[in-house]
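Thanks for coming. I will go through one model today, starting with its strands and ending with its charged side chains.

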Amino acid sequence: MKALIMTGTVIFLTIGLQAQSQLAEKRHIEATRISEKIKIDAELNESIWQNSPIAENFVFMWPTPGQPATQKTQVMVAYDDAALYIAARCFDTQPDSIFHRLSKRDVLENTDAFSIMLDTYRDGQNAVQFGVTPDNIQFDSKYSLANANPNNGNNDGEDPSWDAVWTSAAKITDKGWIVELEIPFSAIRFPKKQVQSWGLNFLRSVKRRGETDSWNEIKAEIAGTLNQMGVLDGISNIKAPLRLSATPFLAGYANNAYNNPSAPHSSWSYPWSMGMDIKYGINEAFTLDATVIPDFGQVRSDRNVLNLSPFEVRFDENRPFFTEGTELFNKGGLFYSRRVGANAQLLNATKISGRTKKGMGVGVFNAIERAEFQTVVVEGKEVREQISPVTNKSVLVFDQNLKHNSSVTLISTNVLASGAALDANVSGLLFNFKNKAQSYALNGKAVASNRFMSDGRESGFTASLNASKTSGNFLWGSEFNLESDQYNPNDLGFLFSPNEVSHLIWLNYNQYKPWWKLNNYWSSLWMWNGGLYKPFGAWTERLIGFNFGGNTRSFHNFGFNGNLAPWGERDYFEPRTYDFETYYHVPAYTNLRVWYNSDHRKNLVFNAFSGVRLFDEKDRRSTYLEAGLRWRASGKLSIGFNMGSEFSHNNVGGLNNLFENAAGFENVTDGQVIMGRRNIIGFDNVINGSFSFNNKMNLTLYVRHYWQKVEYSGFNLLDGNGHLQPTDYTGISPEGESLHDMAANFFNVDLVYTWRFAPGSDLLLVYKNGVGHFDEGRLVDHPYFYNVRRLPDFEGTNNFSIKILYFLDYERIKKAF
């Protein structure tokens with residue numbers, strides 16, 4: 001929750017063994033209708049702020065849940081026909097010690113903060129958040145349980161990429177600091193009712209004390225915060241305004257490719273583009289978002305890696321249109337937005353989403369990719385041939401809210417391509433049921449996939465069921481998952497591998513209040529069993545694991561975890577035959593990991609993560625280490641460095657191909673599987689920095705160098721029992737070079753200047769440099785720093801761009817004229 005909800009605990013969906021905690025009694029505050037104009041200046045000198053009802057008596061959310069807050073906070077709420085107004089006095093007994101730092105919008109550095117959360121439909125499943133820091137750095141988020149992922153601590157499904165246009169002011173005084181917000185009704189959705197009743201909570205962080213407070217008590221032992229809000233009363237006779245806005249943009253580029261072996265001279269190009277993002281409120285509940293001829297040239301570079309696995313690499317989504325307001329489309333994990341515009345130019349994309357007053361959420365997503373062509377030479381003549389067809393990609397979602405924050409969802413994804421190209425559909429039913437006390441949950445899904453090809457149809461399915469206890473100190477749960485061998489959602493979704501049957505059970509104990517030298521701690525035991533759907537009953541892996549972590553009273557946090565595979569693993573994918581008959585029997589192994597984060601309130605912050613995998617096989621192991629430093633050099637400048645390293649000795653992997661000119665190849669017969677023993681060493685280093693000129697202007701730097709080297713030490717034949725046997729194949733060329741050794745260098749620089757020169761309007765100046773280079777044979781022998789020195793000699797690209805976006809809002813224009 002953008003640094004405001006920092007309980008430091010990982011709330012697992014598990015089942016407990018004690019009396020159930022009850023939700024705190026909901027607090028109420030009355031909003032006052034006003035006719036006078038309020039100036040958003042953090043002065044609070046309007047008469048309304050002297051007479052409005054006050055929300056106060058905040059309580060700890062962290063680190064001592066339920067105890068009275070150390071600092072006094074008073075909040076008032078007013079409204080008129082156009083907007084909601086919030087005034088807050090954040091008193092502080094040490095105003096000269098208030099933490100505050102300039103930063104980019106939506107990025108909270110080491111700073112105090114205040115925010116308001118609104119659940120306008122009172123469904124306990126969706127909300128929006130608006131907040132500021134003492135330096136008036138704005139941050140906002142959207143929440144949906146559809147996006148919740150308890151495994152990474154995101155219990156409320158926060159989407160920090162959501163941005164609204166609203167007004168705020170903040171200033172530090174001799175008594176603390178003051179906040180004033182104006183949230184236009186065009187920025188939120190609410191039901192069409194004469195009298196409104198909204199879920200509401202106020203949050204405040206006092207950074208120097210590591211303290212997070214809330215107005216309505218949020219009990220740590222109860223999963224989630226959206227179901228633990230107070231109530232905002234008194235709003236009546238308001239109408240949803242015409243929500244119509246457009247953000248046209250113009251972008252220009254200077255691109256340079258250099259050191260390209262196929263183009264010996266540096267080449268420059270100067271493309272430009274223009275397009276528009278449109279947002280239209282169809283009614284009080286539904287919104288249309290569209291992007292026409294989109295341009296995503298300014299998004300951060302992907303974290304490319306040398307992929308040695310038999311699976312596809314999953315990349316993060318960095319394009320704003322595909323990260324904002326996608327909570328309905330992300331239900332069930334069936335939509336992977338990186339499939340859209342991945343291999344073809346995106347012509348347009350449209351989203352329609354909203355929720356009726358009866359709790360029915362509806363989402364429609366549609367995107368069109370143009371046909372792509374390439375020119376080839378056939379019999380001495382240049383011929384233009386199509387390499388991808390015109391393609392329509394769409395998602396349709398119906399999501400019905402039920403009592404007690406429960407829901408039932410229908411979702412369907414579709415890919416329709418012109419001509420004889422493949423079409424695909426994935427349709428699923430999802431459900432999530434909770435009891436009134438929010439202490440137990442039952443959720444699951446049933447999904448079918450169909451791919452339509454010119455020579456027939458490929459069909460598959462998946463199903464899962466998860467029962468868990470979600471509140472209290474003791475938690476437990478059990479999950480069953482099944483995927484058929486033909487299940488394939490990957491035309492518009494993402495799945496590493498199908499053909500799986502698995503069962504997971506877990507038992508947790510979480511301590512939410514201070515104990516001994518800890519503010520809190522969590523622990524768990526779990527067991528996972530995996531096998532194949534076809535042939536059914538063939539086991540793949542059996543794991544037993546544990547986890548423990550905690551936060552100290554001095555605000556350091558640490559943890560360690562591990563798991564054991566006592567019978568090893570049957571890996572049906574590493575041999576790369578994909579017949580689900582051939583497997584490699586990985587010997588028994590143990591994973592151990594430990595992590596640590598220093599006190600985040602300090603100007604110099606350190607974190608570390610280390611792990612080791614030990615095999616029941618002589619001289620075989622893997623180790624990895626990640627460490628980072630973050631230095632807040634001043635109130636405007638922060639610099640970070642992160643280092644990652646990997647060392648794998650005697651790793652075993654399948655080969656994508658064998659070389660005919662390698663010694664011993666003539667003795668390899670068709671159908672034989674050759675596995676390679678290899679040593680892997682790699683580094684992944686990142687430098688990032690941020691300098692804020694003021695609360696509207698920011699410069700960020702991101703530099704990453706990734707290097708990984710793979711050297712093969714020998715090869716083996718895989719027998720029918722999954723074991724390695726001798727082979728004549730050497731992988732050595734007649735010249736004595738290894739044909740399978742390889743090394744990869746990926747280097748990226750992203751330097752971005754952002755200026756928010758008007759509400760919702762930005763100027764971006766961007767420089768990017770990208771290097772992607774592979775070595776084979778003897779060049780792999782060179783060490784890491786040799787590769788660092790060679791970076792200027794590798795093939796790469798330079799990219800300079802400027803982009804201007806201007807926000808046009810119908811209501812603002814109407815007022816102006």
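**Strands and charges**

Strands E12 (residues 195–206) and E13 run antiparallel and are joined by 4 bridges. Before going on, the ground rules: this is a predicted model, where local features need pLDDT of at least 70 and side-chain atom pairs count only at pLDDT 80 or more, while totals for chains, interfaces and linings use all residues. Residues are numbered from 1 along each chain as its sequence is written, and side-chain values use heavy atoms, with hydrogens and water left out.

As for terms, strands (E, at least two residues) and helices (H or I, at least four) are DSSP runs numbered from the N terminus. Two strands pair if DSSP finds at least two bridges between them.

Back to E13. In the hairpin that E12 and E13 make, 4 residues lie between the strands, and Gly210 has a positive phi near 60°. Opposite Ser214 of E13 stands Leu203. Val59 also stands opposite Ser214. Strand E3 (residues 59–62) pairs with E13 in the antiparallel sense, over 3 bridges.

Are the two faces of E13 buried or exposed? In a regular strand, side chains alternate between the two faces of the sheet. In E13 (residues 211–214), Glu211 and Asp213 lie on one side, Thr212 and Ser214 on the other, and all are buried. Buried means under 20% relative accessible area, exposed means over 50%, and partly exposed is in between (1.4 Å probe, protein chains only).

Next, an open sheet. It has 5 strands in the order E2-E4-E5-E11-E10, with mixed pairing. E2 and strand E10 (167–173) are the edge strands, each pairing on one side only. Within the sheet, E4 and E5 run antiparallel and are joined by 7 bridges. Thr73 has Cys90 in E5 as its bridge partner.

Now the charges. How many salt bridges does a search of the whole structure find? The count is 32, where a salt bridge is a side-chain nitrogen of Lys or Arg within 4 Å of a carboxyl oxygen of Asp or Glu.

One of them joins Arg33 to Asp81, with the closest N and O atoms 2.9 Å apart. This pair links distant parts of the chain, 48 residues apart: Arg33 is in strand E2 (residues 32–33), and Asp81 is in the loop between strand E4 (73–79) and strand E5 (83–91). Arg33 counts as partly exposed because its relative accessibility is 36%. Asp81, at 55%, is exposed.

Arg338 and Asp302 form another salt bridge, at 2.7 Å between the closest N and O atoms. Here too distant parts of the chain are linked, 36 residues apart: Arg338 is in the loop between helix H2 (320–323) and E19, Asp302 in the loop between strand E18 (286–292) and H2. Asp302 has a relative accessibility of 24%, so it counts as partly exposed.

Arg105 and Asp106 also meet in a salt bridge, 3.3 Å from N to O, and both residues are buried. A network of salt bridges links Arg105, Asp106, Asp140 and Asp163.

Last, the surface. A patch of positive charge gathers Lys26, Arg122, Lys192, Lys193, Lys239, Lys357 and Lys358. Patch residues have over 30% relative accessible area and no salt bridge, with like charges joined within 9 Å. Lys357 sits in the loop between strand E19 (346–355) and strand E20 (360–369). Why does Lys357 count as exposed? Its relative accessible area is 63%.

Notes:
Patch = residues over 30% accessible without salt bridge, like charges linked within 9 Å, V, L, I, M, F, W, Y side chains within 5 Å. Areas by Shrake-Rupley, 256 points an atom, 1.4 Å probe, with all protein chains shown as cover. Lys, Arg positive; Asp, Glu negative; His and termini not counted. Charge placed at Lys NZ, Arg CZ, Asp CG, Glu CD.
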